[in-house]
Amino acid sequence: MNSGNVRNFTGNYVHFGFGLAPEVNAHLQRAAAVVTNRDSSLEALIEALKLAPDQLEVLVALYKFHFYQGETEKAQDLVFQTLIKSSLLGGFSHDWKRLSSKSTDWVDPRGPGRVFLYSLKALAFIRLRQNDLTDAESILGVLNRLDPTDQVGADVVRDLLQGMLEGDDDD
């Protein structure tokens, strides 16, 4: 990483991924810069999507946007799109229940397998927000199998689930 990238990363620059076309990245940067203005941020994300409809990083930015807006159904739809596209790019099944540690390279931080894992984590978090603890737990079990060293940080969601389950026990 050159020093210009480090300076940008520590300033207001957001790193969305690798290999983004400059104009796509510019729209994503604009979306992040105006995140407090829902309409402007969404407009920038839609422009990025128009330019790069198959770019996984754009889909991830969109599902995060909708999730943080409390729009879990929209976020969920975009997570499913991301899971399907990343599995197609990686040459493995989008049916996470059928996957194993050998299905693809889950470790490559730049690969579609890693995006798939992050998206599964996002889906588990969405399930928590939807109060579907059983499905969240099932997805986290798959993540444990595919990412036993927890490179995507699913333990955070596991801890939230555990807290919710313990809260149910108090009733």
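A contact here means heavy atoms within 4.5 Å. Keep that in mind for the first stop. The model is predicted.

**Stop 1: the whole chain**

Show the protein chain as a cartoon. Of its contacts with a separation of 6 or more, 51% join residues 24 or more positions apart. Colour by secondary structure next. The count is 8 helices and 0 strands. Followed along the sequence, the pattern reads α-α-α-α-α-α-α-α.

Now zoom out. Along the principal axes, the C-alpha atoms fill a box of roughly 50 × 40 × 30 Å.

**Stop 2: surface and charge**

The accessible area of the protein chain is about 9600 Å². Carbon and sulfur atoms hold 52% of that area. Buried residues make up 37% of the 171 residues.

Colour by charge. The protein chain carries 17 positive and 24 negative charges.

**Stop 3: Phe80 and Trp96**

Hide the surface and show the aromatic side chains. There are 6 aromatic pairs in the structure. Select Phe80 and Trp96. Their ring centres are 6.5 Å apart and their planes meet at 5 degrees, so this pair is stacked.

Phe80 belongs to helix α5, residues 72-90. Trp96 sits in the loop between α5 and α6, the latter being residues 112-129. The pair therefore ties together parts that are 16 residues apart in sequence.

Buried or partly exposed: which is Phe80? Phe80 is partly exposed, because its relative accessible area is 28%. Trp96 has a relative accessible area of 14%, so Trp96 is buried.

**Stop 4: Phe92 and Phe116**

Select Phe92 and Phe116. This aromatic pair is edge-to-face, at 5.1 Å centre to centre with 85 degrees between the planes. Phe92 is in the loop between α5 and α6, and Phe116 is in helix α6, so the pair links parts that are 24 residues apart in sequence.

Phe92 has 8% relative accessibility and counts as buried. Phe116 has 0% and also counts as buried. The cut-off for buried is under 20% relative accessible area.

**Stop 5: the aromatic cluster**

Finish by selecting Phe67, Tyr68 and Phe125. These three residues form one aromatic cluster.

Conventions. Residues are numbered from 1 along each chain as its sequence is written. This is a predicted model: local features need pLDDT of at least 70, side-chain atom pairs count only at pLDDT 80 or more; totals for chains, interfaces and linings use all residues. Side-chain values use heavy atoms; hydrogens and water are left out. Helices (H or I, at least four residues) and strands (E, at least two) are DSSP runs, numbered from the N terminus. Buried means under 20% relative accessible area, exposed over 50%, partly exposed in between (1.4 Å probe, protein chains only). Accessible areas come from the Shrake-Rupley method with a 1.4 Å probe; for residues, only the protein chains shown count as cover. Lys and Arg count as positive and Asp and Glu as negative; His and the chain ends are not counted. The place of a charge is taken as NZ of Lys, CZ of Arg, CG of Asp or CD of Glu. Rings of Phe, Tyr and Trp (its six-membered ring) pair if their centres lie within 6.5 Å; planes under 30 degrees apart count as stacked, over 60 as edge-to-face and the rest as tilted.
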